[in-house]
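Subject: Structure handover

Hi,

Here is the structure we talked about. Please look it over, then read the notes below.

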Amino acid sequence: MPRKGSRQSYYDDSYDDYYDDYEEEDYADSSSASAPGTAPQQPIWACPICTYDNLEEHQSCEMCGVVRDSPAPIHASGSVPFKFDGPSPDDAILGAVQGSKKPVQGNSHARAKSKAAAPTSDSPGNQSKLSDKEHGVSEKLKKSLVLDGDSEDVKESSKQRLQSTSNKGLPLESYKPEPWMMHQGSKTAEKSLLNLVVVGHVDAGKSTLMGRILHSLGRVSQKEMHKNTKEANEMGKGSFAYAWALDEGVEERARGVTITVAVAHFETAKLRVVLLDAPGHKDFVPNMISGASQADAAVLVVDAAEGGFEAGMGAEGRESGQTREHAQLVRSLGVSQLVVAVNKMDEVQYSQERFEEIKRILTPFLRHCGFRDSSVSYVPVSAIAGENLVSTPSDDLFRAWYTGKDGTLLDALNRLEPPERDIAKPFRLAVAEVVRSRSLGSAAAGGKVESGAIKIGSKVMVMPSREVGVVKNLEQDGKALQTARAGDGVDIGLQGVDAGVIVPGGVLCHPDYPVPIATRFELRILTLKLAFPMLPGAQVVVHAHHAKEPGTVTNLTALIDAKTGQAVKRSPRCLTSNQSALVEVAPERGLCVQEYIKFRGLGRVVLRSEGRTLAVGIITRIISYQ
Ligand code: GDP
C-alpha cells in the first residue's frame with residue numbers, strides 16, 4: 001500500500017511565476033535542429049567525475065567544470081578547469097580527500113572574508129571553540145547516561161556518544177566496509193531496487209497514472225478502489241478516484257492536488273520499484289525537490305491534450321510550467337534516466353501526430369537539460385482509460401499506429417537501469433521523514449540509504465545532534481529487514497536517542513565517519529532565469545536533500561565559461577540568468593551536507609527565493625563547519 005510521507009509538506013512558498021523564462025528562440029532553434037531532414041542531433045559526452053551529460057560542443061563539464069577529454073579524471077591527472085592563481089576548488093577538494101592541509105589560495109579576498117566570518121575547520125580558533133562546545137555536550141550526555149541507563153545497549157550507545165562527540169571522525173580513506181555489507185548472497189536472484197520519482201505539471205495525471213498502475217498490479221485492492229470511487233463521487237471529483245490511491249491527505253483530496261510525496265512499491269519483471277509521487281503544483285516545488293533527491297530515475301508525465309502540454313511547458317505567455325522546471329530539477333538532482341509518459345492520449349483521439357509533435361518538442365528541450373537521448377523513452381498512454389499502462393493498447397485508433405515497439409509504460413520502466421550504489425563508503429541516510437510507528441518505536445527515521453550499509457545492532461550517529469543510537473528495527477514497505485544497503489528506502493527504529501533529535505533534513509551516519517555540519521560552502525551553480533541579478537549578500541533558501549535552510553550568498557567567487565570551464569571573471573559584481581559560477585553560501589544554521597565528489601546524494605543543492613528556483617548546483621568545497 002502506498003504510504004504518505006510527511007515529507008516537508010509544511011513548505012508552501014508563495015510562488016511568483018518565473019516561467020517567463022521560456023525562451024521561445026532557444027526552443028524553436030533546438031526543435032528544428034532535430035526535425036527530420038535537418039542537421040543531426042548534437043552528440044553528448046558524460047563527465048567522468050559527476051556523470052553530467054554535456055553537449056559535445058562544451059570543452060568542460062557544464063555542471064562541475066571537469067575538462068573534457070583530459071587523459072584521466074581530474075583527481076588523477078591534476079588537470080584543472082580553472083585558471084586561478086592558486087589551486088582550483090577541485091584541487092582543494094582533492095587536497096581535503098588526501099588529507100592535505102595546504103591552505104587554498106586563489107581568491108584571497110574571499111578567503112580572508114570567510115575566515116573572519118567563520119573560522120575554517122583547520123584554524124586553531126575553531127578547534128578550541130569546538131572543544132568547548134563538545135565539552136558542553138559531553139556534560140549533558142554524562143547526565144543522560146546516569147538517568148537513562150536502562151539497558152546494556154543504551155549504556156553502550158551512550159558511551160559511544162561520549163566518544164564520538166569528542167572527535168570529528170576518521171579520514172574517509174581509512175574506511176573499510178565489513179564483509180557482510182558487500183555480501184549480496186541469495187540477493188543475486190532478487191530483483192534490483194529502483195527509486196522512481198513521478199514528476200510533471202499539475203493535473204498532467206501523475207497520481208491517476210500511478211494509482212491506476214498500482215491498481216492494475218494488485219497493489220490497491222478492489223475494496224479500497226471502490227471506497228475511493230465512492231468518496232470521490234460524493235465530493236463531485238469522480239475523475240480523481242485513481243489519484244486518491246496516492247493523494248490521501250484531506251487537503252490534497254479537497255484541492256485535487258498532490259502536496260506531499262507519497263511512497264508506494266510495485267514490481268516489474270526485473271525491478272523492485274519504490275515509487276515517489278511528487279507534487280506538480282507550483283506551490284510545492286520544494287516537496288518535489290525532496291522527492292527527486294531520492295530518485296534513481298524519473299517518469300515525466302505530460303498532458304497530451306490541446307493546450308495541456310503547452311501549459312506544462314510554460315509556452316505562449318502562460319504563467320506556469322512545471323514540466324520545464326521539474327525536468328531541469330530532476331536532472332540537476334542526479335537523475336539521468338527518464339521515461340516520458342505522454343498522458344491523456346484519449347483526449348486527442350490517440351493521435352500519432354500529437355504524440356510525435358510532443359516528442360519533437362521535448363527531445364531538444366530535454367537534451368538541453370542534460371538528458372542523453374538514449375536515456376529518454378517516450379510512451380503514449382491514457383491513465384484514465386488504462387491504455388498502454390501494463391498491457392498493450394486495446395483502443396482501435398491507438399492500435400492502428402502504435403505497434404508497441406517500445407511496449408507499455410511498465411515495459412519502459414522495466415528497462416530502467418538501477419545506478420551503481422556506494423556500498424563501500426561509510427553509512428549515510430538523509431532523513432526524509434520522522435516516522436511514527438508502533439513497531440519502530442518512538443525514535444524512528446525514514447529515508448534512502450545514500451551509502452554504506454547497516455544492520456540490526458549497528459550504531460549510527462544522528463546529525464546534527466551528534467547523538468549515537470543503536471539500530472533496533474529496520475522496515476521496508478512495512479516488512480521487517482535485517483540489513484539495509486545503499487539505494488534502499490528504509491524506516492529505521494533507533495534505541496538510545498531522544499525522538500526529538502531526528503529531524504527531516506538531518507542525516508544518520510557512521511559514528512566514526514560523521515557527516516560535517518557545514519556553515520559555509522562553495523558551490524558550482526548554474527543560474528536559471530533570474531528576475532533580478534544575484535548580488536553578493538543575496539538571501540536565498542538552500543535546499544539540499546531533505547534540508548531547507550535560509551542562507552546568504554556570501555561571495556560571488558568567479559564567473560565560469562560553461563563551454564571551456566575556465567573562470568572568465570573573478571568576483572563578478574552580479575550573476576544574471578543562465579550563467580555558470582562559483583559562489584559561497586552560508587546557511588543560517590549548519591547543514592548536513594558533503595562535497596559532491598565524495599557523496600553525491602548529499603552534495604547537490606538548489607537555491608530558491610520567494611518561491612522561485614534561482615540556481616542548481618553542486619558543493620565543491622566545505623569552507624567551515626561546526
Ligand atoms: P496530477 O496533478 O498530475 O497528479 O493529476 P491527477 O492525477 O490528479 O489528474 C488531474 C485530472 O486529470 C483528473 O481530473 C484526472 O481524472 C484527469 N486525468 C488523468 N489522467 C487522464 C487521462 O488519461 N485522460 C483524461 N481524459 N483525463 C485524465
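The structure holds 13 salt bridges. A salt bridge here is a side-chain nitrogen of Lys or Arg within 4 Å of a carboxyl oxygen of Asp or Glu. Before the details, a word on the source. This is a predicted model, where local features need pLDDT of at least 70, side-chain atom pairs count only at pLDDT 80 or more, and totals for chains, interfaces and linings use all residues. Residues are numbered from 1 along each chain as its sequence is written, and side-chain values use heavy atoms, with hydrogens and water left out.

One of the salt bridges joins arginine 421 to aspartate 296, with the closest N and O atoms 3.0 Å apart. This pair links distant parts of the chain, 125 residues apart. Arginine 421 sits in the loop between helix H16 (409-414) and strand S10 (428-434). Aspartate 296 sits in the loop between helix H11 (285-292) and strand S7 (297-303). Helices (H or I, at least four residues) and strands (E, at least two) are DSSP runs, numbered from the N terminus. Arginine 421 is partly exposed, at 22% relative accessible area. Aspartate 296 is buried, at 7%. The cut-offs: buried is under 20% relative accessible area, exposed is over 50%, and partly exposed is in between (1.4 Å probe, protein chains only).

Arginine 520 and glutamate 584 also meet through their side chains in a salt bridge (3.6 Å, N to O). Arginine 520 lies in strand S19 (residues 517-527) and glutamate 584 in strand S23 (residues 580-587), so the pair ties together parts 64 residues apart in sequence. Arginine 520 counts as buried, at 8% relative accessibility. Glutamate 584 counts as buried too, at 0%.

Lysine 598 and glutamate 595 form another salt bridge (3.4 Å, N to O). Both residues are buried. There is also a network of salt bridges, which links Glu306, Glu310, Arg354 and Glu357.

Now the helices. In helix H13 (residues 322-332), 11 of the 11 residues are buried, so H13 is largely enclosed by the rest of the structure. Among them are Gln322, His326 and Ser332. Just after H13, glycine 334 has a positive phi of about 105°.

H13 packs against helix H14 (residues 352-369) at an angle of about 40°, with the axes 9 Å apart. Axes are lines fitted to C-alpha atoms, for helices over the stretch in contact, and angles run from 0 to 180 degrees between N-to-C directions. H13 and H14 are therefore oblique to each other: under 35 degrees counts as roughly parallel, over 145 as roughly antiparallel, 65 to 115 as roughly perpendicular, and the rest as oblique. Which residues meet? Thr323, Arg324, Ala327, Gln328 and Arg331 in H13 meet Leu362, Phe365, Leu366 and Cys369 in H14. Contact means heavy atoms within 4.5 Å.

Helix H8 (residues 206-216) has 10 of its 11 residues buried, so H8 is largely enclosed by the rest of the structure. Lys206, Met210 and His215 are among the buried residues. Glycine 218 follows H8, with a positive phi near 80°.

Last, the cysteines. How many disulfides are there, counting pairs of cysteine sulfur atoms within 2.5 Å? The count is zero. Cysteine 509 is in no disulfide, and the nearest cysteine sulfur, that of cysteine 592, is 7.6 Å away. Cysteine 509 is buried, with a relative accessible area of 0%. Cysteine 369 is buried as well, at 5%.

Best wishes

Terms used
Disulfide = S-S within 2.5 Å.
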